[in-house]
Amino acid sequence: MVSVIIPHRNSFDSLEKLILSIDKSNTQIIIVDDNSEDKDRLYNISLKYPFCTFIRNKVCKGAGFCRNKGLELASHDWILFADADDYFCSGAFDVFNEYLETEYDVVYFNVTSYNVLLNKRGDRHKVYSNLVDNEDKDIIYQHYVPWGKLIKRELIDKNKIFFDETFVSNDMMFSLFLGLRAKLINFDKRILYTVTESANSLTKVINKDTMLSRFLISKKHNEVLKKNGVYNYKINLLKYFYYSRSLGYKFLFKLLYYYVK
């Protein structure tokens with residue numbers, strides 16, 4: 001059976017769409033709310049979907065904290081992560097059920113994306129979709145996101161893999177360690193999940209806190225790659241200097257300090 005872990009904050013309509021896209025039979029659905037502002041609406045949704053487990057943070061902790069909390073509560077042998085703005089495709093859980101008795105550690109499956117602003121197919125999925133379509137074994141170093149993979153719970157527990165509890169890039173190290181520790185992976189080219197794109201996505205937010213967090217975690221990512229002898233998959237840290245041009249010279253010098261260090 002599968003546990004689905006969902007971090008959530010203030011995305012009530014899309015959260016309901018996601019819940020309805022999940023086959024609730026033999027599936028544990030864990031929603032960790034990160035202190036949403038409309039507490040009454042959250043409560044009403046929890047009453048509407050009693051088969052879901054709702055946990056609410058009293059203060060904002062970020063998606064990494066929420067996912068770790070979900071892992072503490074997960075009781076099934078397989079784990080799926082979903083973002084509250086996304087949803088599973090029709091028939092996805094029939095496919096997941098095909099893998100429940102297999103020996104795979106991670107099954108990477110195909111995804112698509114939808115741009116809600118332009119009302120058309122997006123492109124956020126393409127890099128991950130290409131890795132799956134090509135059955136590229138380098139996927140273990142380059143699949144940075146938590147969605148798009150069915151994970152055996154034993155792999156997480158045995159290797160004590162967890163999310164960084166930062167507000168951005170909290171999934172990068174989790175995904176890297178999954179790939180490094182997995183002994184048997186599989187590719188499923190069927191499209192099972194839809195990622196949405198919007199102006200509110202944290203991936204589009206550029207400020208000093210988010211940029212520094214992304215830089216430091218990318219730096220840590222590279223250090224682990226080097227330690228494991230696969231440094232050719234490193235992230236180019238110099239790109240952060242380019243992206244940070246609008247944040248001032250003082251901040252650029254701060255990045256340079258960490259880069260040299």
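A residue is called buried when its relative accessible area is under 20%, exposed when that area is over 50%, and partly exposed in between. With that scale in hand, Lys189 is partly exposed, because its relative accessible area is 43%. Welcome to this structure, which is a predicted model.

## Salt bridges

Let us begin with charged side chains that pair up. The whole structure holds 11 salt bridges.

| Pair | Distance, N to O |
|---|---|
| Arg41 and Asp13 | 2.4 Å |
| Asp83 and Arg67 | 2.7 Å |
| Glu135 and Lys189 | 3.5 Å |

Arg41 is partly exposed, because its relative accessible area is 30%. Asp13, with a relative accessible area of 55%, is exposed.

In the next row, Asp83 and Arg67 join through their side chains. Asp83 sits in the loop between strand E4 (78-81) and strand E5 (87-88), while Arg67 is part of helix H3 (residues 63-73), so the two tie together parts 16 residues apart in sequence.

Now for the backbone. Most residues other than glycine have a negative phi. Which residue has a phi near 50°? That is Glu135, which has this positive value although it is a residue other than glycine. At 42% relative accessibility, Glu135 counts as partly exposed.

Asn35 also has a positive phi, of about 60°, and is not a glycine. You can find Asn35 in the loop between strand E2 (27-33) and helix H2 (39-48). Asn35 counts as buried, because its relative accessibility is 17%, below the 20% limit for that class.

## A nonpolar patch on the surface

Turning to the surface, which residues form a nonpolar patch there? The patch is made of Leu238, Tyr249, Phe253, Leu256, Tyr259 and Val260, and together these residues have about 680 Å² of accessible area.

Tyr259 lies in helix H11 (residues 249-260) and is partly exposed, because its relative accessibility is 36%. Leu238 is found in a loop instead, between helix H9 (208-227) and helix H10 (239-243). Its relative accessible area of 46% makes Leu238 partly exposed too.

## The second largest pocket

Rolling a probe the size of a water molecule over the atoms shows where empty space is left. The second largest pocket has a volume of about 200 Å³. Its lining is made up of Glu103, Tyr104, Asp105, Lys152, Glu154, Leu155, Lys158, Asn159, Arg181 and Lys183. Which helix gives the largest share of this lining? Helix H7 (residues 153-159) does, with 4 residues. By type, the lining residues divide into 7 charged, 2 nonpolar and 1 polar.

## Spans across the model

Leu238, from the surface patch, is 101 residues along the chain from Lys137, and their C-alpha atoms are separated by 26 Å. Val168 and Asn26 are 142 residues apart in sequence, with 32 Å between their C-alpha atoms. Val168 is in the loop between H7 and helix H8 (172-181). With a relative accessible area of 4%, Val168 is buried.

Methods
Residues numbered from 1 in each chain as written. Predicted model: local features only at pLDDT ≥ 70, side-chain atom pairs only at ≥ 80, totals over all residues. Heavy atoms only, no water. Patch = residues over 30% accessible without salt bridge, like charges linked within 9 Å, V, L, I, M, F, W, Y side chains within 5 Å. Areas by Shrake-Rupley, 256 points an atom, 1.4 Å probe, with all protein chains shown as cover. Salt bridge = Lys/Arg side-chain N within 4 Å of Asp/Glu carboxyl O. Buried < 20%, exposed > 50% of the residue type's maximum accessible area, 1.4 Å probe, protein only. 1 Å grid on protein atoms, 1.4 Å probe; cavity = no way out; pocket = protein on both sides within 12 Å on 5 of 7 lines; lining within 4 Å. Points joined across faces, edges and corners; volume = space filled by probe spheres on them. Nonpolar A, V, L, I, M, F, W, Y, C, P; charged D, E, K, R; others polar.
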